[in-house]
Amino acid sequence: MRFQILDIVPHRVNPVTGRFVAPADRLEQTLLTARRSEQLGLDAFAVGERHAGHFLSSSPTVLLGVIAAETNRIRLSTGVTVLSILDPIRVAEDYATVDQLSRGRLEITIGKGNEVQQYPLFGLEIDDQWDLLAEKYELLRTLWSHEDVTWPGSALTRPLTHPTTTLPRPFAGTPRVWHGSATTLTSAALAARWGDPLISANAIQPLKNYTVLVRHYRDEYARHGHDPRLAYVGAGAGALFIADTTQQARELYGPVYEALVRAINVPGNNTPFRDIDHAIAEGPALVGSPQQIIDKIGRFHDGFQHDLQSVSLPTTVPFEHQLDILERFAHEVVPVVRDEFPTTLWGADDPWASRAAFAGGVGQTTGVTAGHAPTGAAAGAERRQTTR
């Protein structure tokens, strides 16, 4: 199994102590966490995107650009790029820039987002979110994989009447795109249609809900005739909090968890696990001793057979404590789970693994044919006009 740290950059008061971190300090914490994650040998670091609520992640490309310049090995991602509300041309340009800065270490995760307030902010109707996501993703794929692109547009998106080539081009072929879903089958079906990997949020609902999602993805992936070896699945988790014993973790983090749950009321996005004991026993929260967290990730794997485990630090606790949790996770949990659940993700049998410079990728000025992995001399070989 591979491991990713996800920071959606929540910016909230600690509901127990009243402690509040200044925005500049909070953003610096994201950078420091990414650097420490690389030093500890974790595989990926992802930054979220939110345009409503108590978050500082409205500009993930800015954060990822800084992280790209400050790291050398760790893969970079998003969680998620809210493509439904964005301009695909800007997405292609901005993330290709990050891809070049990181020398091919970028893989993004797209989705519709789960903040309903984002749509009116961008002058869009939430009823169009699925159609917007599907159409904008098709255009993004085309912009990254071809030059001189024209596009007819639709009732939801504008046309490209003049041949368009976005710059910069990706570093070494089209970056891989994951699809994020919080239990909606539509995102899973879109990922399966294109032969892309899926990340299940696995954050607030019962495990069985996410298991249904992953099963639907795998069924659809097979129905579309894609190579099942590349049907990679990632899974998120609730809060990560490690202590010597489960009782200690419960006592230290329980009051914070329960106060945060009481304070957050987002329709359709509220966890049924309202107290810490319920969250530990049956919810997706990774709270407890190292062994308990190992066992719980094992239960996740029983449901998902996933290749990537994404976790988030409890950002309302003091930053020094967050780094201690990160270190314990890297030293006491990650090696055990890696050995127990091997994966080909980012290994020799993964076609996208060689995109990064440290893995043999070479910077190029062209992309690859949509739907094909960037491997060998074929990466970036195709240069042709594409008309949809």
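The largest cavity is lined by Pro-10, His-11, Arg-12, Asn-14, Arg-19, Phe-20, Val-21, Arg-26, Thr-315 and Thr-316. A cavity here is a set of points on a 1 Å grid over the protein atoms alone where a 1.4 Å probe fits but cannot get out, and lining residues have an atom within 4 Å of a point. The model is predicted: local features need pLDDT of at least 70, side-chain atom pairs count only at pLDDT 80 or more, and totals for chains, interfaces and linings use all residues. Residues are numbered from 1 along each chain as its sequence is written, and side-chain values use heavy atoms, with hydrogens and water left out.

The structure holds two cavities of 30 Å³ or more; a volume is the space filled by probe spheres set on the grid points, which are joined across faces, edges and corners.

| Cavity | Volume | Lining residues |
|---|---|---|
| Largest | about 70 Å³ | three nonpolar, four polar, three charged |

The lining of the second largest cavity includes Gln-4, Glu-107, Trp-178 and Trp-346. Strand 3 (residues 75–78) gives the most to this lining, with three residues.

The largest nonpolar core has 98 residues, and Leu-240 is among those with the most contacts inside it. Such a core joins buried (under 20% relative accessible area, 1.4 Å probe, protein chains only) Ala, Val, Leu, Ile, Met, Phe, Trp, Tyr and Cys residues through side-chain atoms within 4.5 Å.

Notes. On a 1 Å grid over the protein atoms alone, a cavity is a set of points where a 1.4 Å probe fits but cannot get out, and a pocket is an open set with protein on both sides within 12 Å along at least five of seven lines; lining residues have an atom within 4 Å of a point. Ala, Val, Leu, Ile, Met, Phe, Trp, Tyr, Cys and Pro count as nonpolar, Asp, Glu, Lys and Arg as charged, and the others, Gly among them, as polar. Helices (H or I, at least four residues) and strands (E, at least two) are DSSP runs, numbered from the N terminus. Buried means under 20% relative accessible area, exposed over 50%, partly exposed in between (1.4 Å probe, protein chains only).
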